[in-house]
Amino acid sequence: MIGRLNHVAIAVPDLDAAADQYRHVLGANVGAPQPEPDHGVTVIFIELPNTKIELLHPLGDDSPINGFLEKNPAGGIHHICYEVDDILAVRDRLKESGARVLGTGEPKIGAHGKPVLFLHPKDFTGTLVELEQA
């Protein structure tokens, strides 16, 4: 059902400092900041040979990342994202199995311009899971 790992998302209190650390200390290919107002975040993608790292920073006072950073002021891993071939079929199968899809259950368009859904962390060993249509 799930495909390849698309990215690991890390919430950060200082987006520029985090990007500089990946760029200058780790020598990574760091993209430009990308505001995602529908999700309440600004993201920066770091391209790795086998996946991506997504740096997340709050965009506005009602950002879902604000609560995470209040609990984790230094930042930390926020979610992991897996690719799926048919997000609606996977959603329906997950719901039938008892897994909780967050929000309305309807996919939103994510940072890559593709439909995404989030799954409740309590259903996946404490990990917030994002699914992105491949």
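**Exercise 1. In this predicted model, find which residue of strand E9 is the bridge partner of leucine 119, and state how E8 and E9 run.**

Solution. Start from leucine 119 and look across to E9, where its bridge partner is valine 129. Then take the two strands as a whole: E8 and E9, the latter spanning residues 129-133, are joined by 4 bridges and run antiparallel.

**Exercise 2. Describe how strand E7 is joined to strand E8, and say what lies in the turn of their hairpin.**

Solution. Begin with the pairing, in which E7 (residues 108-109) and E8 (residues 115-119) run antiparallel and are joined by 2 bridges. Next, follow the chain between the strands: the hairpin leaves 5 residues between E7 and E8, and glycine 113 in the turn has a positive phi of about 80°.

**Exercise 3. Work out which residues of helix H1 are buried and why they lie on the same side of the helix.**

Solution. First list the buried residues of H1 (residues 15-25), which are Leu15, Ala18, Ala19 and Tyr22. They lie on the same side of H1 because the arc they cover around the axis is only 100°. In general, an α-helix has 3.6 residues a turn, so residues three or four places apart point the same way. Now turn to the other side of H1, where Asp16, His24 and Val25 are exposed. Finally, ask what covers the buried residues of H1: the cover includes strands E1 (5-11), E2 (29-30), E4 (41-47) and E5 (52-58).

**Exercise 4. Examine the start of H1 and the glycine that follows H1.**

Solution. At the start of H1, aspartate 14 places a side-chain oxygen within 3.2 Å of the backbone nitrogen of aspartate 16. After H1 comes glycine 27, with a positive phi near 70°.

Note on methods: Residues numbered from 1 in each chain as written. Heavy atoms only, no water. Buried < 20%, exposed > 50% of the residue type's maximum accessible area, 1.4 Å probe, protein only. Arc of directions from axis to C-beta. Contact = heavy atoms within 4.5 Å. Polar contact = N/O pair within 3.5 Å; in protein donor to acceptor, adjacent residues only side chain to side chain. Pairing = 2+ DSSP bridges.
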